[in-house]
Structures are given as structure tokens and as C-alpha cells.
Amino acid sequence: MTKASQNLLGSAMVVGGGIAGVQAALDLADTGYFVYMVEKSEAIGGVMSALDKTFPTNDCSMCILSPKLVECGRHPNIEILTLTDVLEVAGEAGNFQVNLRQRARYVDMSKCIACGVCAEKCPRKVPNAYNEGLSQRKAAYVKYPQAVPLKYAIDKDHCIYFEKGKCRACEKFCPAGAINFEDRDMLFQLNVGSIILAPGFKPFDPKIFDTYNYAHYPNVITSMEFERILSPSGPSGGDLVRLSDSKAPERIAWLQCVGSRDMNHCDNSYCSAVCCMYAIKEAVIAKEHSHHPLDATIFYMDMRTSGKDFEKYYNRAKEEQGVRFVRSRVHSIEKAPGTENLLLRYTDESGSLLQEEYDLVVLSVGLETSPEVLELARRMDIQVNDGKFAATSPFAPVSTSRPGIFVCGAFQGPKDIPQSVMEASAAAAETAMLLSTVRGSAISKPEPPQEMDPGEVASPRIGVFVCHCGINIGSVVDVPAVKEYARTLPHVAYVEESLFTCSQDTQNRMKDAIRENSLNRIVVASCSPRTHEPLFQQTIQETGLNKYLFELANIRDQDSWVHHDFPEAATEKAKDLVRMAVAKVALQQPLEEVRLPITQSGLVIGGGVAGMEAALALAEQGYPVTLVEKKDVLGGHGRKLLTAWNGDPIAPYLDSLIQKVESHPKISIRTKSTLNEVTGFVGNFKTTLDVDGRSETVEHGVTILAVGAHSYKPSEYQYGKSDRIFLNLDMDRAIAERQDAVVKAQSAVFIQCVGSREPDRPYCSRVCCSHSIENAIRIKEINPEADVYVLYRDIRTYGLRENIYREAREKGILFIRFDLERKPQVELEGNSLRITVFDPILQQNVVLRLDILTLASAMETRDVEPLAKMFKVPLNPEGFFLEAHMKLRPVDFATEGVYVAGLAHWPKPTEECIAQAKAAASRAATVLTRDFIAAGGVAAFIQKDQCIGCRACLECCPFGAISYLEQEAKCEVNQALCKGCGTCAATCPSEAVSLLGFSHLQLYRQIDEALSA
Amino acid sequence: MKDTFEPVIVCFCCQWCSYAAADLAGSMRLSYPTNVRIIRIPCTGRVDVKFLLSAIEDGADGVFISGCLLGDCHYRTGNYFATKRVAFVKNLLEKVGVNPDRVEMYYNSSAMGPQFAQTCRDFTDRIRKLGPGLRAVAPAPARNAVD
């Protein structure tokens, strides 16, 4: 850290309200910092809000994003500034003065009730930017239906009043008097301790590709336009049609690398890192949406599916869903004579010229930094790199060139959502490390809402809110009928339907309805409690209602989505589900949560780069950390690595990191140590270590698992039979030591995907392409005369790594592709090596005689099951730790208080390990900053007068939460240990054990209601 | 009884795996019969033998539990208890002359949306073939649940 201001401020500014900015803001707000979120448009949400589905889980993008947006919008420590631009930044790390301009909205946000009358009455139609201009909106408009904040705006550039001086229809009809034509742009200054840049990217504009005719043919569209066409809130309401003639396409082609890996049409030499996956996703979803068999073809150069579960997604698309993949860069798109269809001309690998006709062509456009963001970077004095992304070091991946200003998301480099979310948390950690001494100084702790008097909730008055979810529910289920039905149910005192119940305005209306109608229990009929229950619970809590007096009826995921062809039966089912929910919540009593103290320290397992960075990030925030390492030294695999992908040497960084960790007063290091036993739970773990043969117990509030991974030792390609055959890490050492084998080699070969992307390990190990190319270049630099070959299946130098792939080709390194079905054959003849490989371009076998062979072997975890069991966290089928949500919770586990970082999560290069480690520390800090952990709620409770002391419950409890009181001859539950599974309640022969929230009575009642239709 | 028999089926899903699988079936827009009513519970270990019996007695034509894969229970062992209880109930039903196929235990992880949809199809088919359960014999007794 370079020098920071003496006068630190406990607030931060996040520039950009996309998913990265939102995550950074939430982490900081949850760790005690005040956040100004500066968004240039009318609402936060960014590009993710416009996506249809997200890979590789096919989650509905808006469904998983919306709760985070709402949380951001309602967080007491976050202030959202929309239509706002950063002008200038003065000051230094810890104390910046930021000049901003907020453009006029012409709608008073405090008065707007988002009723939409202004848009309805506005006579001027304008292309809708949210729908990529594929539909129209009015000059009075809201950015998108679930926008946060959900407030309308007047588009000054298109408003008739601003053009001609008359109209003001919106003002006349607005029932809230919210239109304000006197509104003016505002200049103001804010002081913050740190700035996080998350301004995102701009999709590449393919108009300059003259041979693709995007500007001239309406059926050549971009991938962003296609996202909107797939989206239920898009221009065609989710119907897969081409907008030129409303015809359902039968053949769609995706063209990869448009505006990426291209120095001819544009300057974007880098790979945009996300287009392969989004194209596969779009193809898969399009095939699902299509009412007839759809021919979906993806034209690509290399399929780059190296993220977690991406390769499996690719394989499924190819083998199960029938997406066709053609390895070719298409030369041109022409119109088929006499139709609106399109002709693609391309050459296949063997050189034959082919032509195919398609109804629709989707250009998979790359990611680039917009001129506005480049200008912002210039004004803020932030350096950018060759790719026009913020310049960062692999060892400080979220730190910009200006101390105290951090970066995350696509402005750091082209990347997907999970990576953006990780960096966002990492940037929050950097801010928290910088400002730890003033944590809490800029926020006011909200008074917990006063809970209603028990008398007020004794007699149920239930409010039922039925959601249309845009058209997700409303297009199948008759929502008004369900609402009217709900009105007839016992104890129901209020009913309402809404377009999006999760939107902020409906949340506010819900609070008003609770107050105005004295409601004391709420049922929402919408989506899944798994995603939305916490949101609604928080809302009702704000009115003083106990959060357990709530029930969700899942009429979307488990009704309208699975019964779309049976609207009547789906409506009946929705009524049943609402009736079951109403019956259950009527029997629900307020539940108390116990407040447990938190041990404000962390345990980090694994002393490699990820573990050390995580430990340091927690310690720098002021929390004591115990760092456990199995070996006798820190450093892990970092010790064997020569450089990061860009050539920056690892050793100086690693030495300095080890030195910082070893000398940090808050870090206790335990080498030659392993874990014996773990008890407890979030905030209160107790772990017994074996420290070089002696036992030691550590109490800690959070745990970060960073146990790393290992190189697969190949059983093929003659590995182990010759000292001329290396793995990449061995090659690093051989090069560093300038071993004879390397220096004298006249011919070197690298074989990729050794053990990866095979049935035993159906995943890509992500780092090997770059690693082999780095070493290939180094061998070429040592001896420019040497022949160097890389035998590969796809070259996956994603992001800016593409530059080293280009450099390698320029240096004369030869790349030969092979298929899984025709792997290279390695033969040993005495001490000499020979490889036979089929060259698909020459269409014949090539025989290479070589001096050294390097195998790019897979990465795999080893012996992680015991650790997974101890912390009760899952592993995926490949043996890597499985996070809580692959898209939006990439370092959290479903088990609270346990986090993952580094290679044990998934293969990844050093800079991603560092970002993830800092992210894990940031997430862990959101627990450690809390004053207490709330336990109880849904927990078992034993009614002692009914307990006969048989101890059946004690025996079946997996958590040792039940004890037997000898004197009373009764059993008792320790609520802090109880996890609320309810096995005891089902075991008790006299129904003396109740699971609060899922009582016998409630479940009997739900069964009855399910059957009473 | 209607011309085509549409069974009423009660399903207990644990909130970690099978309820998520049911959600996933939805986000994948898979289709399955509308006969199944899902009751969410924290863990299949919560399913009391009496819930299964009560459902059959009160007129469900079929009841099934869907839990995490064996070995993957979020609470370690709940689905083993559920498995044992389903076996117990099947045994009991057979003794009282009710076809034990009306009750079943299934396992669907949170990633198994398609399998969950298939479970619903298979079980509904099975119950359709078995015909109506006890509700054909006697009207469901009204349960008066009070606090």
C-alpha cells in the first residue's frame, strides 16, 4: 500500500450499477461502510438485467439478479445516484473529493408511484434502448419493469415539450404530481475514502464488418438483440421469431469472434471470454423455445469453455441437445436471392468452400470498453492496457494504477458474471483493508424494527399477494381468478395482484397494506421461497411483523413454468397452492431468534497463494486469523510457477507475500498441521488441529477453504518412462534452471488436454493452454532455431491471454489440432521420442521427432472429502468444492460462515486465485462485522409435559443438539446447535417434539388442504 | 368418478435438493402432470409416518417423498430415516389391503430437474393405473385443526 491520507473516510463510491457494482456495494454496506452507488442510466441492473438466461445453470437472469437489486435499493448504507456521471476526482487513497453531475430526470422520485400513466399518455415513441432498439418506448418511460429504483423519467432529447414547447400530457395526467419540467442538472461534490470502478462494457458494434452486412440485412442481428428476443420481457414477448417478418426461424447460425480476436476489422486482439458460452446458451435456449425442430449451428475458431461446468454444458449442447458446431471463421453473409434468408460462405478445416442458408444469423459480438469509460479513466488518471481495459497487475488484480481506486467486472478485462462478482467482492475487500480503522464511522445503525405486540398477531389477518411475474405466471395462470379465490379463504383480509411482487414499489405497497389493513400474516403467490423468501421476509419485518409469519406459494417455478400447456389445470393448482399456504401461515406463530455471540476471527485452511491472500485480507481488516498448512512451508504450488501469463515473475511476489503473512501480528501460522475435528457453526466454530503431532483447538467465526489442487500424473503418452517428458510445472523449473535438456533442445512438443476434457475428467483445466504457450515462447527465446509445436484440441487463451497466443504464432511456434478420437501417439525409441499426429489441415499424419515433450496435465483435487464432510459442504462430481450458487455466490457455501478460494474451487490462474481469495475474505468479513448471529427460528422444540423421556429424538439427531435431563427424565433441544431438519419431530412417538415453522398441525393441515379441492 | 381418472398426489420435497430440483424443472420449462401438490419441508427426515398414512387415509391417491441423494442429505441422515419410514408404511399398507405402490421414496438432487419431472410423470402414471385410492371408498374425514 502506498501512502494513504491521514484523514480516512468510512465511505466508498461504486461507479456503475451492474452486477459487479451491486455486489461490491452490498459487501461494503454489509461490512460497515457507507456506499454511494453512481449509475449513469435511470436504474441499476446493467447488462445482466437485459439477459434472458445465464449459463451454465440456465437460471433466469432477472430472477437471480432482482433480489440483489432490491437489497441494494433498500440497504440503509447504500445511496443510489442515478443519471449521474463522475466528473473529476481529487485527493488521495482514503480521502477523495469527487465532483459529480446528476442529469435532470424531470420526474420527482419522491413523488413518482410508478403507475405508468405518464408513459401511457405520452404521444412520442422512441426506440427502446433496453430492448436494443427492437421495440419502442415512450419519451416518458421506465428503463425496464423490475428497475431499481422503479421511477419514471422523461427523455429530454425526444420529449415533444422540449422540442416544441407544448404537450405536457404526462404532467396533466400524473396522479402524483411528480412531473417536474423545471428540473435541472445538478453539480455536487462527495467525499469518500475509496472508489470502485465497475462501469462494465459495451457490446461491439458490428456495423464495420462490411462482409457481414449487419447494417443492411435485418435478419443479421447481434447476440444482445437475440437475448432480448428470447426474453419474455423482450420485443416479441419471448416468442422466437425474426422481427423482420415475424417468421419463426428454422435455421439459426451463430458467428463467433465478431469484434474479438480480430486485428483486421477492429483493434480488439483479445478474446472476449464469454461469447462461446453465451452462444451455446442462446442456441440451447432457442431450441427449447422453438415450436418445431430448430437447426442451430455455431461457427467458431476455438470453443473456449474453461469455466466451472462449462465443458459439460458444451458437451450436453453437442451430444444431447443437437447443437451443431462448425470450426470455421465465416467469410461473408449474403442475402439468398428472392428471400430474406441469408447465405453463409465458409471453408471447412480441410479447405473446401461451402455455402449454407439460414433464416437468422446471430453475430456473437465481443466486449469492449466504451469511449465514455475510457474518457472517465482519463479524467480519473487511471491507466488502461493494450486492450483498453483498466491496467492491473496479476498480483493485484483489482487495483488500478491510482492507489485507493479499485476496479472490477468487465472494465478489468472481458469476463463472465461469476468472475465479475468475485472481483467485486475482492474490490470491496481492498476498500475494507484500506479503511478498516474507520469502519462504521460513516453509517448509522438502524434501530431494529419494534415487533408487534403478541396480541396483535393472535388472530390471523392474512394478506395475499399474487404475482404475474411479467408474463411468467400471468400468461398461464389466471392471476385475477387466483386473487379472487384467495379472498374467499378463511382469515384472508386483503388481496392484491401485481406485475412484479419483488419490485421495490410493490414491496412498499405491501408495507402500506400491512399497516392500513392491520395484516399480521402474509402469503405471496409467486416464485420460489429459495430465491425470494428472504426479500419478502425483510419487507414484512420492516413493518414490525415477525418474519416467520410469511409463506410463499410457488405458482411459477412449480406451476406456470411446468404446466404452460394446461392453463386451466395450472390455475386450479395455483388456487390449491395458495389455499395450502394460507392454511399453513394461519397456524404460524412468531418465532424468536436467539442472538449468539461471534468469535471474531478466521481460520484459513491452505497456505498457498489463495490461502495467504485470504488470511492477509482478513488480518488487514483487523481480524485475527489462524492459517493452517499441511506442509512445513508456505507457498503451495506458487513455489513451482515461473511467471504469471503476462510474464511477471511469481517468485518476488510470493516471497513478499510470505514475508507479509509471517510478520503480520494478527496471523498465526500452523505448518505441518491438519484438521482432526470441527464442531460448531457460523460465528462459533471450534476446530481441533493436529499441529505436528500435538493437538490444538482453535475457536473461529468463519472458515476459508483454500486447500488447492494438484497436477494429474498421466498414465499415457509414455509419461514417467523418459527424463525428456515433463509436466508443465517441471518444465517451469527446467527452464528456470536452464537445464541442458531445454537449452540444447532442437525440437520441443507440448501436448494439451492431458487428462482434461476426457470421460474421466470431463472438464477443462483452464490454465494449461496459457501455461504451455508461455513455456513454448520461453523455449523459442532460449533457442530461436528450435522447432516448437503445440498439439491442442482448442486453444483457450481467453481474455488478454490471446495476445500470447498471437505472439507464439508470430515467433514461429506451430499449432496442430487433434481430436479426442485421434490423439497423438508418442513412441520411445531408445532415448529418442517420436510423435505421430493427424493434421486436419493437411489431412494426413505428421511425424515429429523431438527432444523434449511437455504434457499439459489436468488439475485435480486430492483428499478433500474429509474436509468437505467436516464442514458439511458439498463437492461436485469432479471433486471440486461446490459453491452456494455458481453465478452470484461464487465463493460462498450454502453452509453459512464457510467460504472457498483458489484451485479447490476450480482450476484457475494466479490472478483469479488472488481475486477469489480476497473475495472470500470480503464475504467472511460480512459475518465477522455483525454484532451477533441469529439462531433459532425454524428449530425443534420439546414440550416437556408431553415428553416421556424415551430419547428417540436424542438418538436420531445428527447434530448432537438434544440432551437428556436426568433429573426431569425429559429431553431438551439446544437451539444453537439445532439446524431445523425436524427428524426428531418425525421420530417422537408422542408428538412432543415440534419443529417450529413446520409443526405437525401445519403439515397435517397442508395435506388436508392439498386434498380438499 | 370422472371418465378419466385424475389422481390427487401429495409430494414432500426437502428444501435443499428436491424442492430445488422441482424449481429447476420449472426454469428448464419441462412439463409434467398437474396432479402433484408439493409440500416443502426442511428435510425428508421431517416426514412422519403419520403424514404418509394421513394423506392416504384422507384421500390422496398417491404420496411420495423426494429427498437428496443418499449420502448427500444436507442434514447428513434425514433421507435414510425417510427411506426406512416409507418402507415401513408400504409394509403397513399391504397388511391393511392398500396397494403399497401408492407410497414411494425418490431421490433427486438440486441439479436433477429433468429427473424430478420424470419422477412426477412416472408416479402419476403409476397411480393412474392403480385407480382411485381410499377416497373412492369413503369420503375424506374433515380434520378440525385448531391452535
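Me: In which hand does H12(A) pass H16(A)?
Reply: In this predicted model, the crossing of H12(A) with H16(A) is right-handed. Helix H12 (residues 479-487) of chain A packs against helix H16 (residues 567-586) of chain A at an angle of about 35°, and their axes are 10 Å apart.

Me: Which residues make that contact?
Reply: H12(A) contributes A:Ala481, A:Val482, A:Tyr485 and A:Ala486. From H16(A) come A:Thr571, A:Ala574, A:Lys575, A:Val578 and A:Val582.

Me: And what is the make-up by class?
Reply: The contact of H12(A) with H16(A) has seven nonpolar residues, one polar and one charged.

Me: What else does A:Val578 touch?
Reply: Leaving out residues up to four places away in sequence, A:Val578 touches A:Val464, A:Val482, A:Tyr485, A:Ala486, A:Val523, A:Ala525 and A:Ala553. In the largest nonpolar core, which has 383 residues, A:Val578 is among those that touch the most other members, together with A:Ala525 and A:Ala614.

Me: Turning to H8 of chain A, which residues are buried?
Reply: In H8 (residues 310-319), A:Phe310, A:Glu311, A:Tyr313, A:Tyr314 and A:Ala317 are buried. They line one face of the helix, because they fall within an arc of 160° seen down the axis of H8(A).

Me: What covers them?
Reply: The cover of the buried residues of H8(A) includes helix H7 (275-289) of chain A.

Me: Now chain B: what pattern does it follow?
Reply: Along the sequence, chain B reads β-α-β-α-β-α-β-α, with four helices and four strands. Of its 147 residues, 56% count as buried.

Me: How much of the contact in chain B is between residues 24 or more positions apart?
Reply: Such pairs account for 80% of the chain B contacts with a separation of 6 or more.

Terms used. Residues numbered from 1 in each chain as written. Chains lettered and ligands numbered in written order. Predicted model: local features only at pLDDT ≥ 70, side-chain atom pairs only at ≥ 80, totals over all residues. Helix = DSSP H or I, 4+ residues; strand = E, 2+ residues; numbered from the N terminus. Buried ≥ 20, exposed ≤ 12 C-beta atoms within 10 Å, placed from the backbone. Contact = placed C-beta atoms within 7 Å. Core = buried A, V, L, I, M, F, W, Y, C linked by C-beta atoms within 7 Å. Arc of directions from axis to C-beta. Axes fitted to C-alpha atoms, helices over the stretch in contact; angles between N-to-C directions. Left-handed = near helix turned anticlockwise from the far one by under 90°. Nonpolar A, V, L, I, M, F, W, Y, C, P; charged D, E, K, R; others polar.
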